[in-house]
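Reader: I would like a close look at one part of this model, the charged side chains and their pairings. Please take me through them in one go.

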Amino acid sequence: MEYSIPIPKKAEEQERIVDILDKFDALTNSITEGLPREIELRQKQYEYYRDLLLSFPKPAESEAMSA
């Protein structure tokens, strides 16, 4: 079987596609790069929302502020 695969003529477009595929490959196949980075991002996300939830004023504080 033969398949025709279109190839962009511009070198810049080819380089852009290669960069995207390289990043995708690194994130999906490299345990040393992709997984630790994902864990770090989720940890920061968790900390952000935890701090946001814990920084809400307590009911007594909000009543004192409005009085």
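Author: In this predicted model, glutamate 38 forms a salt bridge with arginine 42, and their closest N and O atoms are 2.8 Å apart. The two residues are four apart in helix 2 (residues 34-54), so about one helical turn separates them. Glutamate 38 counts as partly exposed because its relative accessibility is 36%, between the limits of 20% and 50%. Arginine 42 is also partly exposed, with a relative accessible area of 42%.

Helix 2 holds another such pair: lysine 44 and glutamate 40 are four residues apart in this helix, which means a separation of about one helical turn. Salt bridges with shared partners join Arg37, Glu40 and Lys44 into one network. Within it, the bridge between lysine 44 and glutamate 40 has its closest N and O atoms 3.3 Å apart. Lysine 44 is partly exposed at 47% relative accessible area, and glutamate 40 is partly exposed at 36%.

Helix 1 has a pair as well. Glutamate 13 and arginine 16 both lie there, three residues apart, about one turn of the helix. They form a salt bridge whose closest N and O atoms are 2.9 Å apart. Glutamate 13 is partly exposed at 29% relative accessibility, and arginine 16 is partly exposed at 45%. In total, the structure holds five salt bridges.

There is also a charged patch to consider. Glu12, Glu15, Asp19, Asp22 and Asp25 form a negative surface patch. One of its members, aspartate 19, is in helix 1 (residues 11-29) and counts as partly exposed, at 44% relative accessibility.

How values were computed:
Residues are numbered from 1 along each chain as its sequence is written. This is a predicted model: local features need pLDDT of at least 70, side-chain atom pairs count only at pLDDT 80 or more; totals for chains, interfaces and linings use all residues. Side-chain values use heavy atoms; hydrogens and water are left out. Patches are made of residues with over 30% relative accessible area and no salt bridge: like charges are joined within 9 Å, nonpolar side chains (Val, Leu, Ile, Met, Phe, Trp, Tyr) within 5 Å. Accessible areas come from the Shrake-Rupley method with a 1.4 Å probe; for residues, only the protein chains shown count as cover. A salt bridge is a side-chain nitrogen of Lys or Arg within 4 Å of a carboxyl oxygen of Asp or Glu. Lys and Arg count as positive and Asp and Glu as negative; His and the chain ends are not counted. The place of a charge is taken as NZ of Lys, CZ of Arg, CG of Asp or CD of Glu. Buried means under 20% relative accessible area, exposed over 50%, partly exposed in between (1.4 Å probe, protein chains only).
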